[in-house]
Amino acid sequence: MSNKNSNLSILFKGLLLENPVFVLILGTCPTLATSTTVIGAIGMGLAATAVLICSNMVISMLRRFIPDTVRIPCYIVIIAGFVTVVEMFIHAYLPSLYETLGVYLALITVNCIILGRAEMFAGKNTVFKSALDGVGMGLGFTLALLSIATIREVIGAGTFAGIEIPVLVDYKIEFLQKTPGGFLIYGIMIAVVYKLTHGKAPKKTKFGCESCPSFSVCGGVKCDNTVKEAK
Amino acid sequence: MKKHLKTISSLSIICAVVAILLAATNHITAPIIKEQENEAAFAALTEVFPGGEGFEQIDISEYELPSTITEAYSEKSGGYVFKIETAGYNSGFVIMCGVDANGAVTGATYIASSETLGAEKGYGDTLIGSTKDTIDSVATVSGATKTTGAYKNAAKDAINASVILGGGTVDLRDEAQILNDNLSAALPDGEGKFTSLFITEELDGVSAVYKADNGKGYVFISGENFIATDANGEVISDVDDELKSSISDSAKKIIGSEITEIDISGYENMPKQVAKAYKTTSGNYVFELKAAGFGINGDAYYNPSGEHIIIKVSATAEGKIIMCETLSQKESEGIGDACANPEFYSQFNGKKEANYREIDAISGATLTTNGYKTAVSKVFEAIKILKGDD
């Protein structure tokens, strides 16, 4: 029962409590770049989710095989491989999405969320749990992109998924489509999520490793001894 | 050592497996991506060649095509589609143009442009059906002469390229090159560098005179003939005696002619359009005139950008214009700037006071034409004043 609960917790924590964008503050660059349209946001979110699930599973599978000294290069090769595969498939079957995402599709390789989850979670957990973490974090990333994109597209362009919204299209605030508008919405969303999860999200009790939102996952294993002493 | 080997081998194995995975994915997706690219290219091709089938790219490096042609596709029925990179107002104007088997334009559209395109966007449609013989009669868009002119030239290049690809030959030289080649053929010693001379003497049947920059001689254009003389005016081209004698006389007049500036400040009645006046040894006159261009009405500048058109005119003492030339102007681009076109100002050559008005005005530039004509008319007045003084 507790194992089942633990699995569910891994799956759902990425959606809100440990949302990679709003709580862990990872992947800010693709978030701001691809959240101008809902279609682009969903495409980017799902592409990153696919890469996240596959890379998490493979890295977890190979965690005993990969020597610790070359783990980051190995992770990068695996992630880049999956990103290229996803990129090729999107280019072949969804060419318009490929055009929309542009260079940011290839840049999923260096998305901190994916490398971060590989390092913090998949490298230490079972394949199943890593897959759940990939799904949870991927959907959390997609949800975050979708929520920001909805606000930016509806208010900034007067459309939703490219469909014009009567009245709003005449009173659009184009500033929200620009980068500063993206930062503004991003900041507001972080504040809203913080308010919603108040008392539940990882608290910043101390500066240093312990204050990191990912502390609940890594437990400070990679950090210096001061954390362990504090424990 | 064992640890190092494990590190190297594990990273190598991961790289190899990823490479195999990518190769497999590429094997699946590459044909689909290629097909999509072909479809996109085909869509652009059929847009300028409606109903075209079986397009195949041609290796243009095997042919000597106009330099603006960057890609060429053959069509099943014998037509071609060309991608042309040219310069309109700015560089980087890319046009697709289709030409059918009969050498007529099937369509032209721009696919990339750094221009600010307005009404000229649909200009390609006006070129449909044009052939080598008719394309020159297609008017450019007023106010966008450079861009639409570039469009038209691109279509001309496409027509020429289709002739070349079809096995024909086309003279790809522009007018200036053809002129220079003819001058060089007449006077090889000129080494391809010639300067047009402003004619101040009445020459029999000669329309233009060029002097070799190295001083080796002159070339006289008489009708279709290019006749060369040496620096002393001796005809060296192989022509009949009559023409030889006529050109020889003309050459002597040109070489012997010297001009002296007349101080016009003392002439109270001298028209204000006359800026400078000269007299030749043979008694002809040369004037530098300031014509009121667009933006100048009489003496008043109603447009701050108004500038005078500077004109040089030579005339006989009897009041017959020998040669008229626009030296400088800042008239509206694509409209009044036609006053710098030899086709316009050469109309005054041979005109007298009685008939100088009988010239074709510049379309859409009445003020410029009137200012120009008024200035030229002052030549006749000035001659009378100067002659009266003599």
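The model is predicted, and local features need pLDDT of at least 70, side-chain atom pairs count only at pLDDT 80 or more, and totals for chains, interfaces and linings use all residues. Residues are numbered from 1 along each chain as its sequence is written, while chains are lettered from A and ligands numbered from 1 in the order in which they are written.

The model scores ipTM 0.77 and pTM 0.52. Within chain B, confidence is lowest in strand S14 (residues 300-301), at a mean of 59, and highest in strand S11 (residues 274-280), at 90. Where pLDDT is low, the predicted coordinates should not be read in detail.

Chain A contains 11 helices and two strands, helices (H or I, at least four residues) and strands (E, at least two) being DSSP runs numbered from the N terminus. Along the sequence their order is α-α-α-α-α-α-α-α-β-β-α-α-α. Of the 231 residues in chain A, 39% are buried, a residue being buried if 20 or more other C-beta atoms, placed from the backbone, lie within 10 Å of its own. Among contacts (C-beta atoms, placed from the backbone, within 7 Å) in chain A between residues at least 6 apart in sequence, 72% join residues at least 24 apart.

One helix from each chain is set out below, with the expected span taken as 1.5 Å times one less than the number of residues.

| Helix | Residues | Length | Span, first to last C-alpha | Expected span |
|---|---|---|---|---|
| H8(A) | 127-157 | 31 residues | 42 Å | 45 Å |
| H3(B) | 145-165 | 21 residues | 30 Å | 30 Å |

H8(A) is followed by Gly158(A), whose phi is positive, near 70°; just after H3(B), Gly167(B) takes a positive phi of about 100°. Because 16 of its 21 residues are buried, H3(B) is largely enclosed by the rest of the structure.

Elsewhere in chain B, strands S15 (residues 308-315) and S16 (residues 321-328) run antiparallel and are joined by six bridges, where pairing requires that DSSP find at least two bridges between two strands. Ile310(B) has Ser328(B) as its bridge partner in S16(B), and in the hairpin, which has five residues between the strands, Gly319(B) adopts a positive phi near 90°.

Between the chains, 15 residues of chain B are in contact with 17 residues of chain A. The side of chain B that touches chain A has eight nonpolar, six polar and one charged residues, where Ala, Val, Leu, Ile, Met, Phe, Trp, Tyr, Cys and Pro count as nonpolar, Asp, Glu, Lys and Arg as charged, and the others, Gly among them, as polar.

Technical notes
Buried ≥ 20, exposed ≤ 12 C-beta atoms within 10 Å, placed from the backbone. Contact = placed C-beta atoms within 7 Å. pLDDT = per-residue confidence, 0-100.
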